[in-house]
Amino acid sequence: DGGITQSPKYLFRKEGQNVTLSCEQNLNHDAMYWYRQDPGQGLRLIYYSQIVNDFQKGDIAEGYSVSREKKESFPLTVTSAQKNPTAFYLCASSKGQGLSGTEAFFGQGTRLTVV
Amino acid sequence: AQSVTQLDSHVSVSEGTPVLLRCNYSSSYSPSLFWYVQHPNKGLQLLLKYTSAATLVKGINGFEAEFKKSETSFHLTKPSAHMSDAAEYFCVVSDPGFQKLVFGTGTRLLVSP
């Protein structure tokens with residue numbers, strides 16, 4: 001089955017540690033996205049990538065980093081500089097470069113908790 | 001810049017009664033509009049999308065939405081609610097030339113027996 005796989009489903013991090021969230025897709029989509037979800041705030045864009053080896057900052061990129069070395073993979077690193085990392089993180093992908101007329105497909109999310 | 005306003009944070013209905021979830025958008029271009037649904041601790045699933053074809057869009061699970069340019073609205077409706085419809089719903093806008101989705105803050109739909 002084609003789809004987007006995020007791992008792990010739950011992640012616990014100690015303060016001061018970096019953690020990496022995995023996102024893999026086998027849909028052959030060009031574009032991939034990372035969103036952060038907090039209660040009552042909807043989804044906010046962290047980073048997005050339209051093609052391999054290229055990515056752009058979203059609205060809340062501070063304290064996060066990404067890479068796009070392969071078309072099917074777009075890992076997100078939450079660094080110690082992110083002051084409030086506890087949230088639900090969603091990865092998405094879409095066909096083609098851009099969202100005109102096409103939708104994004106989402107993974108099942110990773111819930112990150114700082115302990 | 002494009003934006004989306006979901007007018008209700010919570011909507012409560014009884015099973016078998018109609019559902020109306022309201023969404024207004026702001027866009028400087030002809031927009032693409034979407035409704036997504038999210039069940040607790042899950043990813044988002046596309047319900048329907050509008051991409052400048054028919055203004056009345058039919059989606060999955062009996063949902064539909066009507067694009068009204070004069071009112072800048074894209075309200076989601078369903079004639080008869082089912083218990084399984086209880087979830088959070090997001091109205092989303094994407095403009096041609098923009099390469100990201102902009103989400104509303106969500107509406108939580110509660111369905112009582």
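**Close-up views of a two-chain predicted model**

**View 1. The second largest pocket draws its lining from both chains.** Strand E10 (105-106) of chain A, together with strand E5 (32-38) and strand E6 (44-50) of chain B, each supply at least two residues of the lining of the second largest pocket. The model is a predicted one, in which local features need pLDDT of at least 70 and side-chain atom pairs count only at pLDDT 80 or more, while totals for chains, interfaces and linings use all residues. Residues are numbered from 1 along each chain as its sequence is written, chains are lettered from A and ligands numbered from 1 in the order in which they are written, and side-chain values use heavy atoms, with hydrogens and water left out. Strands (E, at least two residues) are DSSP runs numbered from the N terminus. A pocket is found on a 1 Å grid over the protein atoms alone, as an open set of points where a 1.4 Å probe fits, with protein on both sides within 12 Å along at least five of seven lines, and its lining residues have an atom within 4 Å of a point. The volume of the second largest pocket is about 220 Å³, a volume being the space filled by probe spheres set on grid points that are joined across faces, edges and corners. Its lining counts 18 residues, and those closest to the centre are Phe105(A), Phe106(A), Leu44(B), Gln45(B) and Leu46(B). By class, this lining has 9 nonpolar, 7 polar and 2 charged residues, where Ala, Val, Leu, Ile, Met, Phe, Trp, Tyr, Cys and Pro count as nonpolar, Asp, Glu, Lys and Arg as charged, and the others, Gly among them, as polar.

**View 2. The largest pocket has a volume of about 370 Å³.** This pocket is lined by 21 residues, of which Gln37(A), Pro39(A), Gln38(B), Glu88(B) and Arg108(B) lie nearest its centre. The elements that give two or more residues to its lining are E9 of chain A and E10 of chain B. The lining of the largest pocket is made up of 5 nonpolar, 12 polar and 4 charged residues.

**View 3. Cys23(A) and Cys91(A) form a disulfide.** The sulfur atoms of this pair lie 1.9 Å apart, a disulfide being a pair of cysteine sulfur atoms within 2.5 Å. Cys23(A) lies in strand E3 (residues 19-25) and Cys91(A) in strand E9 (residues 87-94) of chain A, so the pair ties together parts that are 68 residues apart in sequence. The link is left-handed, with -75 degrees about the S-S bond. Both Cys23(A) and Cys91(A) are buried, which here means under 20% relative accessible area, against over 50% for exposed and in between for partly exposed (1.4 Å probe, protein chains only).

**View 4. In chain B, a disulfide joins Cys23(B) to Cys91(B).** The distance from S to S is 2.0 Å, and the link is left-handed, with -65 degrees about the S-S bond. Cys23(B) is in strand E4 (residues 23-26) and Cys91(B) in strand E10 (residues 87-94) of chain B, 68 residues apart. Cys23(B) is buried, with a relative accessible area of 0%, and Cys91(B) is buried with a value of 0%.

**View 5. Four strands of chain A form an open sheet in the order E1-E3-E8-E7.** The pairing is antiparallel, and two strands pair if DSSP finds at least two bridges between them. The edge strands, each pairing on one side only, are strand E1 (4-7) and strand E7 (64-66) of chain A.
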